[in-house]
Amino acid sequence: MTMKQPIVSGTLDVMGGTAVFHGTRIPVQTRLDYLEAGETIDEFLDGFPSVTREHVIAFLEEAKDRVIEAAS
């Protein structure tokens with residue numbers, strides 16, 4: 001059985017513990033800010049090439065699952 005790679009990580013030695021896309025220094029809050037501003041995934045990825053489309057989709061899926069679970 002293989003372990004799933006984390007989507008988001010936060011350690012004090014990377015951005016002072018801010019939640020970032022795993023393996024990057026890009027805060028997930030930045031993606032949320034882009035989303036709030038109506039920016040597309042492609043526009044976000046153009047600005048932050050160290051984040052993959054898979055990172056973004058996995059993050060959004062995880063967030064969706066948590067919201068649905070919390071509402072149940």
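Buried means under 20% relative accessible area, exposed means over 50%, and partly exposed lies in between (1.4 Å probe, protein chains only). This is a predicted model: local features need pLDDT of at least 70, side-chain atom pairs count only at pLDDT 80 or more, and totals for chains, interfaces and linings use all residues. Residues are numbered from 1 along each chain as its sequence is written, and side-chain values use heavy atoms, without hydrogens and water.

**View 1. His 22 sits in the loop between β2 and α1.** Helices (H or I, at least four residues) and strands (E, at least two) are DSSP runs, numbered from the N terminus. His 22 is partly exposed, at 24% relative accessible area. Its contacts (heavy atoms within 4.5 Å) include Gln 5, Pro 6 and His 55, leaving out residues up to four places away in sequence.

**View 2. His 22 meets Ser 9.** The two are 13 residues apart in sequence, yet 5.1 Å apart in space, C-alpha to C-alpha.

**View 3. Helix α1 spans residues 28-36.** Val 28, Thr 30 and Arg 31 are buried here. They cover an arc of only 155 degrees around the axis, so they lie on the same side of α1. The arc is taken from the directions from the helix axis to the C-beta atoms. The buried residues of α1 pack against β1, β2, α2 and α3.
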